[in-house]
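Thanks for coming, everyone. Please look at the screen while I talk.

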Amino acid sequence: MKDYIVRATAADSQVRAFAAVTRETVETARKSHNTSPVATAALGRLLTAGAMMGVMMKGEKDILTLQIKADGPINGITVTADSQGRVKGYVGNPEVILPANEKGKLDVSGAVGNGFLNVIKDMGLKEPYSGQVDLQTGEIAEDLTYYFAVSEQVPSAVGLGVLMNKDNTVQQAGGFIVQVMPFAEEKTIAKLEENIQKIQSVTTLLEQGHTPESLLDAVFEGFDVDIMDKVPAEFYCNCSKERVEKALISIGRKDLNEMIQEGKEVELNCHFCNTNYVFNVEELKEILRKCK
């Protein structure tokens, strides 16, 4: 099944929801960054959330950035997404290894540590919107639930999961975000809370063969669900040698001259997809000619 996100409403539009399967997206990230299992799980959860939150934005050029800055050994996580389901991201320390937690699961919370979550939305206005909250658990889903409640004043439930195979490839990944509208009735909210408490982990549901649509059927048991649209999701980085060249132009003539004098190739790495771009001396001279 190709990765995709569904957008839906339920209970006469009293609730809106997003659900996604992101196995290929997270596996692409794992291969690009050669992440350890716990780093894959942490990055995969934030990538999944980022893809869904990106689709919440309206504008074609809108960009969402999620940053976790914390004191755990994973050394932070950064994810960016657009409104078309394209997402990319990286962790500070892709090789982090930790023992399993007390439940025998990957210790994402221990890898992330204590710190804060930054959410930045660049929607083409003068200033990007920015919201910041302290991490509550480091498990990411709970932290995002807290962010929506505190920073956006939208009561929400977030479920995220990444399940690894024995060979460290990604077996399942996905999640959901459910948000209650201001006019929602108390009985709707109570029933929704009851449904969400009954749900086993997201990865358990995905292992049972659930799709984004049937994930929402479980969340909205007893409600009519209206699927609004379906958006493909993918790990996508828009870096290119041309874009990196522009970055080199921006560093200025003095630094470029120094690189040329050293007579060595310059290698630059894209953090988001781990692609390396090499510029030889002749290419650097050409870039220098383009500098003002």
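Strand 8 and strand 9 form a hairpin, and five residues lie between them. In that turn, Asn-168 has a positive phi of about 75°. Before I go on, this is a predicted model: local features need pLDDT of at least 70, side-chain atom pairs count only at pLDDT 80 or more, and totals for chains, interfaces and linings use all residues. Residues are numbered from 1 along each chain as its sequence is written, and side-chain values use heavy atoms, with hydrogens and water left out.

Some terms. Helices (H or I, at least four residues) and strands (E, at least two) are DSSP runs, numbered from the N terminus. Two strands pair if DSSP finds at least two bridges between them.

Nine bridges join strand 8 to strand 9, and the two run antiparallel. Ser-156 stands opposite Gln-179 in strand 9. On to strand 2: seven bridges join it to strand 9, again antiparallel. There, Ala-20 faces Gly-175 of strand 9.

Is strand 9 enclosed or open? Ten of its eleven residues are buried, so strand 9 is largely enclosed by the rest of the structure. Buried means under 20% relative accessible area; exposed is over 50%, and partly exposed is in between (1.4 Å probe, protein chains only).

Axes here are lines fitted to C-alpha atoms, for helices over the stretch in contact, and angles run from 0 to 180 degrees between N-to-C directions.

Strand 1 (residues 4-10) and strand 2 (residues 15-21) are joined by seven bridges and run antiparallel. Ala-10 stands opposite Val-15 in strand 2.

Helix 1 and helix 2 pack at about 135°, with their axes 9 Å apart. That makes helix 1 oblique to helix 2. The cut-offs: under 35 degrees is roughly parallel, over 145 roughly antiparallel, 65 to 115 roughly perpendicular, and the rest oblique. Val-26, Ala-29, Arg-30 and His-33 in helix 1 meet Thr-40, Leu-43, Gly-44, Leu-47 and Thr-48 in helix 2.

Pick out Arg-30, which lies in helix 1 (residues 23-33). Is Arg-30 buried or exposed? Arg-30 is buried, with a relative accessible area of 14%. Leaving aside neighbours within four places in sequence, its contacts include Thr-40, Met-164 and Asn-168. Asn-168 is the turn residue from the hairpin.

Last stop: another helix pair. Helix 8 (residues 241-250) and helix 10 (residues 281-290) pack at about 60°, with axes 10 Å apart. Helix 8 and helix 10 are therefore oblique to each other. Lys-241, Glu-245, Leu-248 and Ile-249 in helix 8 meet Glu-283, Leu-284, Ile-287 and Lys-290 in helix 10.

Note on methods: Contact = heavy atoms within 4.5 Å.
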